[in-house]
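Welcome! Take a moment to look over the chain, and then we will walk through some of its parts together.

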Amino acid sequence: MSDAPTVAVFRPDDDRLERAVALLAELGAEPVADPMLAVEPTDATPRTDAEYVILTSKTGAELVSEAGWAPGDATVCAIGPATADALRAEGYAVDIVPEEFTSSGLVARLEGEIDGARVEVARSDHGSPVLLEGFEDAGAYVHETILYQLVRPGGSGESAKLAAEGELDAVCFTSSLTVEHFLAAAAEKGIREAAVTGLADATVGVIGEPTAETAEEQGIEVDVVPNEATFDALAHETVTATPVREE
């Protein structure tokens, strides 16, 4: 007899977490929902004089819509399909989605056309510097608007406890911040070292090389980095790479 692998997921506690849990269950895993990100809006809105406006998340799309932001003649760019879908759901036309759904992918898509252009990047307070530096290197005039802050919710850390006890089979880290908040939650419980040790026996899946670098800098060995930077790809590849636990 065998049990489904326990897989921790750290998405914000909204429909993204619900979808992630449902997907993992469909894939034959036992999801451990442990939200590591909570959104605190800043009530800021993107500048209206930009020629290109970059949005990097579903949350950002919803917040600019709630604020009544209008892009005017700006070229609206989404970092990936989830952000693009969220923008369209709010009634915005999306002009550009890069082939590679990452900051570096978006820089590569735009760098040949933004020399001298005003580029507005609207996102969280934990955005990668890759976008800003890449656009500036391409000759753009770059401005960043912080739409929201990402904080660690109170009560997080169930997954760290399971990892420390050797009861977690896999994790799906979606950003460097989820790695940092997982470790902070473990440290708060006095089990950081044990949790990291426990992850050595688990399948560690991450979205993107920056997340992989953050994990490895903290002593967490990464097993899965999907080519497509989406949670669906992460979930599928992580579950596939996780051995079934034998009773």
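This is a predicted model: local features need pLDDT of at least 70, side-chain atom pairs count only at pLDDT 80 or more; totals for chains, interfaces and linings use all residues.

An unreviewed UniProt entry annotates residues 20-235 as "domain: Tetrapyrrole biosynthesis uroporphyrinogen III synthase".

**A strand-helix-strand unit**
- Strand S2 (residues 6-9) pairs with strand S3 (residues 30-33) in the parallel sense, over 4 bridges.
- Within this pair, Val 9 has Ala 33 in S3 as its bridge partner.
- Together with helix H1 (residues 15-26), S2 and S3 make a right-handed β-α-β unit.

- Strands of a sheet pair through backbone hydrogen bonds, either parallel or antiparallel.
- Here, 5 strands line up in the order S4-S8-S7-S5-S6 to form an open sheet with mixed pairing.
- Strand S4 (38-41) and strand S6 (75-78) each have a single partner strand, so one side of each is left without a neighbour in the sheet.
- On average, neighbouring strands of this sheet are turned by 25° against each other, direction ignored.
- Strand S5 (residues 52-55) runs parallel to S6, and 4 bridges join them; Val 53 stands opposite Val 76 in S6.
- Helix H2 (residues 58-66) lies across S4, S5 and strand S8 (141-151), at about 100° to S8.

**A closer look at Thr 203**
- Is Thr 203 buried or exposed? Thr 203 is buried, because its relative accessible area is 7%, under the 20% cut-off.
- Thr 203 belongs to strand S10 (residues 203-206).
- Leaving aside residues up to four places away in sequence, Thr 203 touches several residues, including Asp 169, Val 171, Asp 223 and Pro 243.

Methods. Residues are numbered from 1 along each chain as its sequence is written. Side-chain values use heavy atoms; hydrogens and water are left out. Helices (H or I, at least four residues) and strands (E, at least two) are DSSP runs, numbered from the N terminus. Buried means under 20% relative accessible area, exposed over 50%, partly exposed in between (1.4 Å probe, protein chains only). Contact means heavy atoms within 4.5 Å. UniProt positions are given in the numbering used here, feature names are shortened, and annotations may be inferred rather than shown by experiment. Two strands pair if DSSP finds at least two bridges between them. A crossover is right-handed if, with the strands pointing away from the viewer, the path from the first strand over the helix to the second runs clockwise. Axes are lines fitted to C-alpha atoms, for helices over the stretch in contact, and angles run from 0 to 180 degrees between N-to-C directions.
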